[in-house]
Amino acid sequence: MDIAYEHDPASTDTVFPLRHDWTRQEVLDLFEQPFLELIFAAQSVHRQHHAANRVQLSQLLSIKTGGCAEDCAYCPQSARYREETGLKAEPLMALDAVLAEAKKAKANGASRFCMGAAWRRLKDRDLDKITAMIEGVKALGLETCVTLGMLEDHQVERLKAAGLDYYNHNIDTSEAYYGKIITTRTYADRLETLERVRAAGINVCCGGIVGLGEGRTDRAEMLLTLATMESHPRSVPINMLVRVRGTPLADGEDLDPIEFVRTIAVARILMPESVVRLSAGRETMSDEMQALCFLAGANSIFYGEKLLTTPNPDANRDLELFERLGLKAS
Ligand code: SAM
Ligand code: DTB
Ligand code: SF4
């Protein structure tokens with residue numbers, strides 16, 4: 001029986017309202033629930049707002065790799081760790097090469113193409129090239145997303161005019177823990193760009209990374225920041241830290257995978273209408289762990305064998321997993 005591929009708002013009785021007034025204690029209480037209670041609640045919320053068996057596929061492309069001026073401790077693309085990581089900085093890709101990758105992504109079944117640049121901020125000299133990429137990718141019938149660092153008002157307007165669907169800009173962790181991970185920009189800088197994007201009418205894609213050595217309170221605070229925004233981000237990527245040799249976080253202690261699933265479930269409950277993306281880190285996750293994340297309310301993944309610079313499961317492994325779980329891509 002082909003059930004619940006499409007969202008059926010009448011499929012559950014309890015309505016979980018959209019709220020923007022969550023408190024810190026409520027979020028912590030959610031995290032502390034017995035696991036099975038938490039997953040049941042998350043799955044109930046999920047079915048109220050989303051098709052139960054659909055997972056959206058976004059494909060990433062690094063259009064400008066490495067040499068970044070920021071010092072994000074998790075990131076292989078920071079110029080500060082160049083000696084240790086051995087990652088070479090490359091120039092901005094040419095339009096035709098980007099479009100060739102977008103065509104492949106479309107043929108593989110991705111619905112959104114996300115172009116990432118290792119920049120602290122977008123520079124005006126690159127704006128025309130970026131808007132041409134957005135227009136070209138959109139013309140292929142794909143949703144467009146870019147992540148280019150901090151933006152100014154006139155830049156968001158240009159991106160909007162080019163037809164940009166989503167801008168990704170993560171808050172990454174709690175405000176309290178932020179200074180331990182990044183010193184070259186502030187939490188407030190991040191929120192300012194996010195507000196500009198929202199005000200321009202571009203969908204916000206904003207989430208974070210877990211496994212940075214933060215505590216549960218930091219994970220709760222990060223989700224609280226997202227869930228108390230004026231409107232919830234349309235997409236919420238939850239990344240598990242990918243440990244890259246040569247970065248300051250290469251050798252930390254791994255986060256309990258169950259805690260990662262809890263983070264997904266809490267995100268789902270706090271932001272019922274958002275698409276929660278099981279993002280970086282899938283390469284080292286078991287199929288069972290990924291299935292738990294879908295059960296907890298994740299309904300998007302990064303698809304294709306590469307994230308920006310690190311590996312991701314290849315498409316065959318994902319398609320096989322979808323087949324085993326009866327999931328449909330969208
Ligand atoms: N430079 C821009 C910025 O930082 O906003 C855009 C590109 S940056 C690579 C995009 C996001 O990738 C970061 O905000 C972070 O959440 C995620 N990321 C980077 N390195 C990661 C890693 N090793 N593991 C998990 N997520 C990572
Ligand atoms: C997001 O939240 N995760 C993606 C995307 N947005 C840009 C990036 C993950 C990067 C993982 C490390 C790498 O491949 O360089
Ligand atoms: Fe640069 Fe973005 Fe990497 Fe930070 S996360 S070092 S801003 S590319």
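**Ground rules**

I'm working with a predicted model, where local features need pLDDT of at least 70, side-chain atom pairs count only at pLDDT 80 or more, and totals for chains, interfaces and linings use all residues. Residues are numbered from 1 along each chain as its sequence is written, chains are lettered from A and ligands numbered from 1 in the order in which they are written, and side-chain values use heavy atoms, with hydrogens and water left out.

**Entry 1: H10 and H11**

I began with helix H10 (residues 257-270) and helix H11 (residues 287-295), whose axes come within 8 Å and cross at roughly 25 degrees. That angle makes H10 roughly parallel to H11. The axes are lines fitted to C-alpha atoms, for helices over the stretch in contact, and the angles run from 0 to 180 degrees between N-to-C directions. The helices themselves are DSSP runs (H or I, at least four residues), as are the strands (E, at least two), and both are numbered from the N terminus.

I looked up the handedness too, and the crossing of H10 and H11 is right-handed. Handedness goes by how the near helix is turned from the far one: anticlockwise by less than a right angle is left-handed, clockwise is right-handed.

Which residues make the contact? From H10 I found Pro 257, Phe 260, Val 261 and Ile 264, and from H11 Met 289, Leu 292 and Cys 293. They divide into seven nonpolar, no polar and no charged. Contact here means heavy atoms within 4.5 Å. For the classes, Ala, Val, Leu, Ile, Met, Phe, Trp, Tyr, Cys and Pro are nonpolar, Asp, Glu, Lys and Arg are charged, and the others, Gly among them, are polar.

**Entry 2: H2 and H10**

Next I turned to helix H2 (residues 35-49), whose axis comes within 9 Å of that of H10, with a crossing of roughly 40 degrees. H2 and H10 are therefore oblique to each other. Their crossing is left-handed.

On the H2 side I listed Phe 35, Leu 38, Ile 39, Ala 41, Ala 42, Val 45 and His 46, which meet Ile 258, Val 261, Arg 262, Ala 265, Val 266, Arg 268 and Ile 269 of H10. By class I get 11 nonpolar, one polar and two charged residues.

**Entry 3: H9 and H10**

Then came helix H9 (residues 216-227): its axis and that of H10 come within 10 Å and cross at roughly 25 degrees. H9 and H10 are therefore roughly parallel to each other, and their crossing is right-handed.

Here Arg 216, Arg 219, Leu 223 and Ala 227 in H9 meet Glu 259, Arg 262, Thr 263, Val 266, Ala 267 and Leu 270 in H10.

**Entry 4: Asp 256**

I found Asp 256 in the loop between strand S7 (235-240) and H10. Buried or exposed, or something in between? Asp 256 is partly exposed, with a relative accessible area of 44%. The cut-offs are under 20% for buried, over 50% for exposed and partly exposed in between (1.4 Å probe, protein chains only).

The Asp 256 side chain reaches the backbone nitrogen of Ile 258 at 3.0 Å.

**Entry 5: Leu 295**

Leu 295 sits in helix H11 and is partly exposed at 39% relative accessible area. I saw that Leu 295 touches Ile 39 and Gln 43, leaving out residues up to four places away in sequence. Its C-alpha atom is 8.4 Å from that of Ala 265, 30 residues apart along the chain.

**Entry 6: two loop residues**

Ser 279 lies in the loop between strand S8 (275-278) and H11, and at 0% relative accessibility it counts as buried. I found its side chain reaching the backbone oxygen of Arg 277 at 3.0 Å. Beyond its neighbours within four places in sequence, Ser 279 is in contact with Pro 237, Ile 238, Asn 239 and Phe 302.

Last, I checked Asp 172, in the loop between strand S4 (166-168) and helix H7 (175-181). Asp 172 is buried, with a relative accessible area of 3%. I also noted that Asp 172 has a positive phi of about 70 degrees although it is not a glycine.

How values were computed
Parallel < 35°, antiparallel > 145°, perpendicular 65-115°, else oblique. Polar contact = N/O pair within 3.5 Å; in protein donor to acceptor, adjacent residues only side chain to side chain.
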